[in-house]
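Try each one yourself before reading its solution.

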2 protein chains.
Amino acid sequence: MTDETILTVAALHERVEAIFLNAGLNGVQAGALARVIVAGERDACKSHGIYRIEGALRTVKAGKVKPDAVPVLVPQEASAIVRVDAGRGFANPAFEAGLPVLAERARSQGLAALVINDCTHFSALWPEVEAVAREGLAALVMCPSYATVAPAGGNKPLLGTNPFAFGWPRIGNPPYVFDFATSVAARGEIELHRRAGKPLPEGWAIDAAGQPTTDPEAALAGAMLPFGGHKGSAISTMVELLAGIMIGDLTSPEVLDFLGTTTLAPVHGELILAFSPEAFAAGRPGNPFDRAEVLFDAILGQGARLPSQRRFAARAKSESEGIALTGAEIAQLDRLLEKGLDAVA
Amino acid sequence: MTDETILTVAALHERVEAIFLNAGLNGVQAGALARVIVAGERDACKSHGIYRIEGALRTVKAGKVKPDAVPVLVPQEASAIVRVDAGRGFANPAFEAGLPVLAERARSQGLAALVINDCTHFSALWPEVEAVAREGLAALVMCPSYATVAPAGGNKPLLGTNPFAFGWPRIGNPPYVFDFATSVAARGEIELHRRAGKPLPEGWAIDAAGQPTTDPEAALAGAMLPFGGHKGSAISTMVELLAGIMIGDLTSPEVLDFLGTTTLAPVHGELILAFSPEAFAAGRPGNPFDRAEVLFDAILGQGARLPSQRRFAARAKSESEGIALTGAEIAQLDRLLEKGLDAVA
């Protein structure tokens, strides 16, 4: 394509970070946001790439996130809990502040939890899962979102799309990582069907009267459905309990009340569990990392994929060949840098 | 019914425990098995009730479980890990031995894990989830089983039906509890369809060639499918990693290799995580138990059920009115008591 520009990962990071700094974010907020946005673009997850910059700026402009927040570690009596007060800033710098302590605790005690409170969640959970896995630890991460999903057997939005993510470190390979919404589809996918004028697949949503619908408009006015029927609904409820209520932060219905809209990034908390496979396997036969490879080989050997495989392939390509952006995308980055918060409604 | 006998919960416990003691199990094994079997019968979970006694005796007779094992706490360097060596006995007495230490650690550190190694898994996970919840703690419990489920995108049995269970304590109410197989259906349900000569619902299984099938025979020769497509498959894989490999115990394919059959209770390990809501919510606004009731009320308010509601209703009835067994069931209990291991093949 003639209007394509190739940027290195580092060059794209610099541009995105400059946009956030210019819009009034402080260094820790801008740096952390740029890292996850560039990671999305690098991994060919366009839905979590530079497209998200505007949403972050809109949330800043609406006064729903503090652009100069500095995350603070809050001392806890319980030694397996590491708590970071995000200070109403984004979750990402709070995660970065808590990770070293989380990793140290998980290594010494076998298991530890990082609680992030009072944060604006931004982007996917896999960057956090991967960061824990780079420490040689397994990770389980979850958070609520906004009330857009009906519980199984119900007829009104109550639960969030509540992502659930897991990672397992691999030697010499990117980690085993999954990260998915506990709804059948992400809300963005319903929006994409609406824009394209296409009906939804059966089983994604119900209308405002609680009846099954394939009409995207009716679905947006009604509720999405959890994946896997009552099982997914139960897991989503667990996310509300553990990563909302237990950590003393908002549930999905409370998030929606607080924001009054689903067009801004959600404000709530996040729960990250880190496990040390070395500590758990201590004194037992076999090396857990070697044994996991036997399982992965068996999955791949029958023609199935590991989750995130496509993402890691895109990453390898981006790191060697750079990231290709269209002329329109470059123009948009320029506009966001120049206009800052004036670029968004 | 004329041939119905009503037993109190305590009287049924006594009969079941006597069967196991008479068959050569020691006190801790017999008592713990009787408790979970009677709990199943009491809660109208017939599939986990007295029907299971024979399976336990068959596993003893096959030499795959040690009837006189005494579970032992194994000191761990990592303080958030409590490890019990089940000594090749059943998981249930090992759980009972580890629970008080698990609860104490979760309360003091906020979060702790109980690892059970070298056990024969028996019955459902909800009795263990409920026991943790009775300590005022949230619980997440998982274990592998036998390789009978194909990973999403695959065509051969590899994963187990890998149950995943969760509990949240409620004040003045039975806990919020779910406990389900990460396969679409439990293996027993496919067996029941086979016996009844009924086709399976679509999406439950594939045949030996990896093609979708609704024929129960073909499904038993092929593989079951995970619930919720690639998402359930990922969760099931996580169970193999955390509750098999990480804890230094068998994965589902290794269990099947070890036993050579799916007709005996599976030998492996189990992972129980316990969370202290009080510790996690410390210093944050709101009481987590009160806030959870608001969420449960909202679920119930739209006509949805909480998981396990039917089980708790049956329990209340059994505790006030006793447990009704048929004449054939009573005769079977008598036969098992009299013949011990000779009663099973």
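**Exercise 1.** Decide whether His121(A) is buried or exposed in this predicted model, and work out which residues it is in contact with beyond its neighbours within four places in sequence.

*Solution.* 
- Step 1: get the accessibility. His121(A) comes out at 9% relative accessibility. The cut-off for buried is under 20%, so His121(A) counts as buried.
- Step 2: follow the side chain. It reaches the backbone oxygen of Ser123(A) at 2.9 Å.
- Step 3: look further along the sequence. Leaving out neighbours within four places, His121(A) is in contact with Ala91(A), Cys143(A), Ala265(A), Pro266(A), His268(A) and Glu270(A).

**Exercise 2.** Describe the interface of chain A and chain B: how many residues take part, what area is buried, and how many salt bridges and polar contacts are there?

*Solution.* 
- Step 1: count residues. Chain A puts in 76 residues and chain B puts in 76 residues.
- Step 2: take the area. About 5800 Å² is buried between the two chains, and carbon and sulfur atoms give 70% of that.
- Step 3: tally the charged pairs. There are six salt bridges between chain A and chain B. One of them joins Glu254(A) to Arg291(B), with the closest N and O atoms 2.7 Å apart.
- Step 4: Across the interface, 23 residue pairs are in polar contact, with both residues at pLDDT 80 or more.
- Step 5: see what chain A brings. Helix 8 (residues 229-245) gives the most to the side of chain A that touches chain B, with 11 residues. By class, that side has 48 nonpolar, 18 polar and 10 charged residues.

Key: Residues numbered from 1 in each chain as written. Chains lettered and ligands numbered in written order. Heavy atoms only, no water. Buried < 20%, exposed > 50% of the residue type's maximum accessible area, 1.4 Å probe, protein only. Polar contact = N/O pair within 3.5 Å; in protein donor to acceptor, adjacent residues only side chain to side chain. Contact = heavy atoms within 4.5 Å. Buried area = accessible area lost by both parts, 1.4 Å probe. Salt bridge = Lys/Arg side-chain N within 4 Å of Asp/Glu carboxyl O. Helix = DSSP H or I, 4+ residues; strand = E, 2+ residues; numbered from the N terminus. Nonpolar A, V, L, I, M, F, W, Y, C, P; charged D, E, K, R; others polar.
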